[in-house]
Amino acid sequence: QLQLVESGGGLVQPGGSLRLSCAASGATLDYYVIGWFRQAPGKEREGVSCIRSSDGSTYYADSVKGRFTISRDYAKNTVYLQMNSLKPEDTAVYHCASIGNWLATAQDMCVSRRAGYWGQGTQVSVSS
């Protein structure tokens, strides 16, 4: 069974950067769409960015376009979210998740916010 573990969260000042990691075990990510989702207190879960392994297609929410980059390390079976120019409104718990790539495109997964496997999350706080 696929297991996902996030790391890399923390406290950063506005304008700063963080790189989140989502390490997978139990299965190769070759057959999955992997996404990053975030949820702030009192707000709905938001699909931030998703990547589909089969074709490398990606999706970014408008709120993070041009600032965040999703990537994958095939050898390490890990997906990364590089977050630059962070803003206070980026503060949230960030989860990675996955779904079989025969079930969704990258956009489908991020927009529908549906996934088969979820990590436990990592806190990102942006504050001066």
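## Starting at a cysteine

Cys-22 has a relative accessibility of 0%, so this residue counts as buried (buried is under 20% relative accessible area, exposed over 50%, partly exposed in between, with a 1.4 Å probe and protein chains only). Before going further, note that this is a predicted model, where local features need pLDDT of at least 70, side-chain atom pairs count only at pLDDT 80 or more, and totals for chains, interfaces and linings use all residues. Residues are numbered from 1 along each chain as its sequence is written, and side-chain values use heavy atoms, with hydrogens and water left out.

## The two disulfides

Searching the whole structure turns up two disulfides (a pair of cysteine sulfur atoms within 2.5 Å). Cys-22 is bonded to Cys-96, with 2.1 Å between the sulfur atoms. The S-S torsion of Cys-22 and Cys-96 comes out at about 65°, so this disulfide is right-handed.

Cys-50 sits in strand β5 and Cys-110 in helix α1 (residues 106-112), 60 residues apart. Both Cys-50 and Cys-110 are buried. Counting bonded cysteines along the chain, the pattern reads 1-3, 2-4.

In soluble globular proteins, nonpolar side chains tend to be buried together. In this model the largest nonpolar core has 28 residues (such a core is a set of buried Ala, Val, Leu, Ile, Met, Phe, Trp, Tyr and Cys residues joined through side-chain atoms within 4.5 Å). Within this core, the residues touching the most other members are Trp-36, Phe-68, Val-79, Leu-81, Met-83 and Tyr-94. Elements that give it two or more residues are β3 (18-25), β4 (32-39), β5 (46-52), β7 (68-73), β8 (78-83), β9 (92-100) and β11 (122-126). The largest share, four residues, comes from β3. Apart from this core lies another one of nine residues, including Val-33, Cys-50, Ala-97 and Ile-99.

Which residues does Met-83 contact, leaving aside its neighbours within four places in sequence? They are Gly-16, Ser-17, Leu-18, Leu-20, Arg-67, Phe-68, Tyr-94 and Val-124 (contact means heavy atoms within 4.5 Å).

Leu-86 lies in the loop between β8 and β9, and its 2% relative accessibility makes it buried. Not counting residues up to four places away in sequence, Leu-86 touches Val-12, Pro-14, Gly-15, Gly-16, Ser-17, Leu-18, Arg-67, Phe-68 and Val-126. The C-alpha atom of Leu-86 is 9.4 Å from that of Ser-125, a residue 39 places away along the chain.

Leu-103 is in the loop between β9 and α1 and counts as exposed, at 56% relative accessibility. Together with Tyr-31 and Trp-102, Leu-103 forms a nonpolar surface patch of about 420 Å² accessible area. Patch members need over 30% relative accessible area and no salt bridge; like charges are joined within 9 Å, and nonpolar side chains (Val, Leu, Ile, Met, Phe, Trp, Tyr) within 5 Å. The areas come from the Shrake-Rupley method with a 1.4 Å probe, and for residues only the protein chains shown count as cover.

## Salt bridges

There are seven salt bridges in the structure (a side-chain nitrogen of Lys or Arg within 4 Å of a carboxyl oxygen of Asp or Glu). One joins the side chains of Arg-72 and Asp-30 at 2.5 Å, N to O. Arg-72 is in strand β7, while Asp-30 is in the loop between β3 and β4, 42 residues apart. Arg-72 is buried at 13% relative accessible area, whereas Asp-30 is partly exposed at 34%.

Asp-90 and Arg-38 pair up at 2.9 Å, N to O. Asp-90 belongs to the loop between β8 and β9 and Arg-38 to strand β4, so this bridge ties together parts 52 residues apart in sequence. Both ends are inside: Asp-90 is buried at 0% relative accessible area, and Arg-38 is buried at 7%. Through shared partners, salt bridges join Arg-38, Glu-46, Arg-67 and Asp-90 into one network. Lys-65 and Asp-62 also form a salt bridge, at 3.2 Å, N to O, and both of these residues are exposed.
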